[in-house]
Amino acid sequence: MVPLSYYLILSGILFSCGVLGFLIKRNIITIFMSIELMLNGVNLSFVAFAAHWQHLSGQIFVFFVMVVAAAEAAVGLAIIIAVYRTRETLDVDQVNLLKL
Amino acid sequence: MLHLVLFLVFAAICIAGAVNLLIQRHPIGSALSLVVVMASLAAEYLLLGAEFVAAVQVIVYAGAVMVLFVFVIMLLNAGEEDRTKGSHVALIIGVPGILAGGLLTAWVLLKQTGDVAIGALPGDPKTIGMLLFHDFLLPFEVTSVLILIAIMGAVVLANRPETQNETRKES
Amino acid sequence: MTENLNLWLIPILPLIGAAINGLFGRRFSKPIVSAVALFFSGAAFALVLRVWSQFSSLPLPHYEFLAHWIRYGNFMVNFEFYLDQLTMLMLLVVTGVGFLIHIYSIGYMWEDASYYRFFSYLNLFMFFMLTLVLAGNYLQMFIGWEGVGLASYLLIGFWFTKDSAASAGKKAFIVNRIGDFGFLIALFLMVKHFGSLNFSEVFEKVGPLPVETVGVGLLTSIGLLLMLGACGKSAQIPLYVWLPDAMEGPTPVSALIHAATMVTAGVYMVSRSHVIFDHAPTALTVVAIIGTLTAFFAATIGIAQTDIKKVLAYSTVSQLGYMFMACGVAAYSAGIFHLMTHAFFKGLLFLGAGSVIHAVGGNQDMRYMGGLRKYIPITFWTMTVATLAIAGIFPFAGFFSKDEILWRAFQVNKVYWAIGLFSAFLTAFYMSRLWFMTFTGEYRGDQLQPARDPDGDSQNHAADVHGHSHDSAGHNSHGHDSHGHGDPHESPWVMTVPLMILALLSLVGGFIPVEHFLEPVFANGEAAAVETANHGLEFTLQIISVSVAGLGIFLAYLLYMRRRDLPQKIANGLGSFYQTVAHKYYIDEIYAALIVKPLVEGSTDILWHGVDQGVIDAAVNDSAVGARHASDAARHMQSGNLRSYAGWVAAGGAIVIGYMIWMGVSR
């Protein structure tokens with residue numbers, strides 16, 4: 001049987017990769033995908049804990065996380081499209097009107 | 001034993017996909033790696049007995065959300081990323097930092113929970129459905145409203161300005 | 001103690017008058033302003049008369065509580081009123097003479113553009129003076145004390161567009177403050193040692209204390225500090241310097257404030273505190289010495305002045321010295337008696353001088369007056385009465401009060417008596433000099449050049465302090481020499497009637513049995529026993545003082561009537577000594593060099609440049625600059641770059657997680 005901590009470590013690794021991608025990448029769509037990666041990592045830890053405590057609400061919560069992720073992806077991509085229309089670029093470093 | 005092997009195999013695929021997402025320079029490569037990650041996660045969920053969640057993961061996440069991502073990548077004709085000074089800096093600072101944080105977290109987790117093994121918790125649709133519509137009814141309804149808002153937001157945000165001018169010309 | 005006379009109305013009514021005239025007076029016509037002012041001051045006088053009518057049936061001292069004020073643990077100060085014979089006398093003098101001067105002012109200030117402001121201030125002064133007199137505790141007296149100083153400042157600087165007037169007002173207020181400092185310290189000592197400022201309570205506590213004959217104990221300190229306050233308010237050495245400058249104010253102000261009432265507040269205060277002084281003979285001696293010296297010193301300055309108001313100012317300082325001399329020999333009722341008679345004749349002298357100035361069209365220099373007897377007869381006769389009164393000629397009022405003081409001084413120390421006698425000689429001399437120069441001989445007004453003194457030297461500047469020729473911009477238009485009518489003219493009846501009333505009082509005022517009236521107040525402290533002895537000696541001394549006064553008048557007659565060339569020859573002969581006296585012994589210059597200049601320079605260099613600009617302004621500016629630098633540094637967080645934001649978020653999150661891990665691990 002697999003210890004809980006293995007699942008948690010895997011979740012942590014996925015989350016860290018997501019954060020790393022968020023920080024490193026410059027293409028805004030890739031950044032968005034890193035966010036999805038983070039959410040997936042979190043989902044895994046929820047399910048793992050649900051199995052650990054033998055309580056189904058962990059899996060229910062995963063359900064809600066997915067709904068929110070989907071909605072956020074839809075709206076976020078719409079924003080990206082709008083930004084692309086005005087800025088003509090997907091590079092995050094160039095969307096910087098607030099720059100000094 | 002089998003569980004452990006299966007877990008490790010799918011975990012390796014997961015991590016490989018995640019790392020590939022970071023390494024890929026074209027967004028479409030990152031998108032496909034993410035699909036791989038989601039699929040392997042679905043397998044992990046099955047190992048944990050969460051059947052419904054695994055199915056939903058594949059259908060919704062990998063099947064809808066990622067397809068949306070790919071559509072947008074194709075629509076915007078995103079190209080490869082250039083290497084710049086800033087991204088170098090981010091690499092140099094970010095990678096060791098995250099690695100350190102991750103290792104620390106892993107060590108703590110191992111120390112805390114150690115060898116407690118977990119079994120599967122069967123999450124069949126009937127049980128989930130009962131929970132969802134009895135105990136979690138309110139959040140359920142709220143999420144439906146959330147989706148409605150998201151739809152409206154997406155439509156408004158993505159609306160082409162030219163369409164409005166044409167409409168005005170016609171009337 | 002049983003009947004409530006509503007004493008609080010007496011000060012409040014003038015205050016209401018001041019408020020009405022002050023707030024709305026600008027829109028009123030002059031008759032209405034006058035009516036308001038007269039009504040409220042007259043009402044106060046009427047109330048005082050009503051109290052006076054019931055006076056004999058009142059149990060004294062009469063105490064009235066109005067409201068609580070300060071309550072701090074056991075220490076309590078209330079708004080309360082205290083009425084005894086001394087208060088009654090002061091009330092009658094203040095409201096009576098005050099009312100007369102209000103009437104006079106209607107005529108004198110009629111042409112002034114700020115007519116309403118004058119009466120507002122005058123009523124305000126009455127309010128404060130009445131508060132001072134009626135107060136039941138030292139703190140309330142101090143309110144009145146400070147308030148009359150304020151009113152004095154406002155009224156001296158009434159024509160504030162004139163530099164000299166504004167400076168004079170400032171000088172008066174600041175010099176007064178020095179005295180007030182002494183007063184305050186005395187109050188603090190009283191609070192600390194007696195736990196109260198109420199008259200009855202303080203005097204009860206002081207009564208059983210031993211008399212301090214050696215060294216400077218508590219009561220001596222309090223006495224000396226109170227005397228310092230009195231020196232400021234009542235213009236004694238060394239704080240008298242403001243009173244001559246105060247002549248910049250309109251003449252009714254000089255009459256009311258600087259002759260009859262405000263400057264007597266010091267004498268009143270010392271008399272009220274006689275219980276304290278009786279236990280502190282050292283302080284009392286200091287009072288006597290200051291009074292005597294001031295009486296002499298001011299008289300010597302008075303003989304060389306050429307401005308009619310300045311002569312009267314120095315005369316006031318000198319007469320106040322007499323009052324303090326009286327208090328200093330524990331003859332308090334004699335001092336108060338002289339206070340009353342002085343209010344009559346000095347008030348009359350000032351009002352008469354105002355009438356004279358009005359008549360000659362603004363000139364105040366006696367060298368250019370003369371022969372006014374035939375032009376302004378009423379003023380002439382009333383001022384004659386006043387001059388005889390102040391010289392101390394029987395049976396005028398001044399004779400009785402001054403002689404009583406000299407007699408009591410003689411019994412304590414003959415040196416006081418001798419100096420006082422010589423000062424009486426000088427008083428008679430310079431007052432007669434004033435009289436001769438102003439009213440006799442030929443009118444010399446045509447010798448006055450229409451000089452336009454830009455520096456506002458009030459000694460011979462025409463039409464500077466006269467309300468008659470002021471226009472609304474405060475610009476001193478030049479006087480009657482451009483007016484058209486050349487001859488001096490008598491003042492309107494509004495001005496002459498108060499003169500006549502005061503002349504009557506100066507004539508018969510000496511017969512008022514003040515000392516007998518005040519006996520119950522000073523019963524414990526007075527050297528009453530000595531009074532009954534030796535009527536023969538007293539009579540001899542009276543003869544001496546009358547002769548001395550007559551000598552002074554004769555000398556003035558010689559110099560200013562018979563041989564008019566002599567004064568100038570004497571002045572030339574005395575040379576620099578005369579010049580010193582004529583320049584008031586250069587006291588103002590000495591003060592300016594020794595005290596004022598170092599203070600101003602020290603303030604400028606140390607306090608202004610050093611502390612205010614260097615420390616306070618620098619602290620504020622530097623903190624502003626520092627804030628700007630800090631925000632400049634922090635600004636870099638807002639780069640507009642999405643990834644740096646993400647970096648900051650990640651860093652923050654990592655810190656929080658790290659903290660949580662640490663918390664979890666350490667348990």
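A residue is treated here as buried if 20 or more other C-beta atoms lie within 10 Å of its own, as exposed if 12 or fewer do, and as partly exposed in between, with the C-beta atoms placed from the backbone. The structure is a predicted model, in which local features need pLDDT of at least 70 and side-chain atom pairs count only at pLDDT 80 or more, while totals for chains, interfaces and linings use all residues. Residues are numbered from 1 along each chain as its sequence is written, and chains are lettered from A and ligands numbered from 1 in the order in which they are written.

C:Asp84 is located in the loop between β2 and α3 (85-108) of chain C; helices (H or I, at least four residues) and strands (E, at least two) are DSSP runs, numbered from the N terminus. Two residues are said to be in contact if their C-beta atoms, placed from the backbone, lie within 7 Å. Apart from neighbours within four places in sequence, the contacts of C:Asp84 are C:Leu60, C:Pro61 and C:Val521. A separation of 434 residues in sequence lies between C:Asp84 and C:Leu518, yet their C-alpha atoms are 8.9 Å apart in space.

Chain C as a whole contains 25 helices and 2 strands. Of its 667 residues, 50% are buried. Among contacts in chain C with a separation of 6 or more, 80% join residues 24 or more positions apart.

The strands β1 (residues 62-72) and β2 (residues 75-83) of chain C run antiparallel and are joined by 9 bridges; strands are taken to pair if DSSP finds at least two bridges between them. Within this pairing, C:Ile70 has C:Val77 of β2(C) as its bridge partner, and C:His68 has C:Asn78. The hairpin has 2 residues between the strands, and C:Gly73 adopts a positive phi near 65 degrees. Strand β1(C) lies largely in the open, because the number buried among its 11 residues is 1.

Helix α14 (residues 308-328) of chain C, by comparison, is mostly covered, with 21 of its 21 residues buried. From first C-alpha to last, α14(C) reaches 30 Å, close to the 30 Å expected at 1.5 Å a residue, where the expected span is 1.5 Å times one less than the number of residues. After α14(C) comes C:Ala330, with a positive phi near 60 degrees.

In chain B, the axes of α2(B) and α3(B) come within 8 Å and cross at roughly 175 degrees. The axes are lines fitted to C-alpha atoms, for helices over the stretch in contact, and angles run from 0 to 180 degrees between N-to-C directions. The two helices are therefore roughly antiparallel, a term applied to angles over 145 degrees, with those under 35 counted as roughly parallel, 65 to 115 as roughly perpendicular and the rest as oblique. The residues of this contact comprise 20 nonpolar, 1 polar and 1 charged; Ala, Val, Leu, Ile, Met, Phe, Trp, Tyr, Cys and Pro count as nonpolar, Asp, Glu, Lys and Arg as charged, and the others, Gly among them, as polar.

Between chains, 72 residues of chain B are in contact with 58 residues of chain A. On the chain B side, α4(B) gives the most, with 14 residues. That side has 53 nonpolar, 16 polar and 3 charged residues. Chain C touches chain B through 4 residues, which are in contact with 4 residues of chain B; the chain C side has 3 nonpolar, no polar and 1 charged residues.
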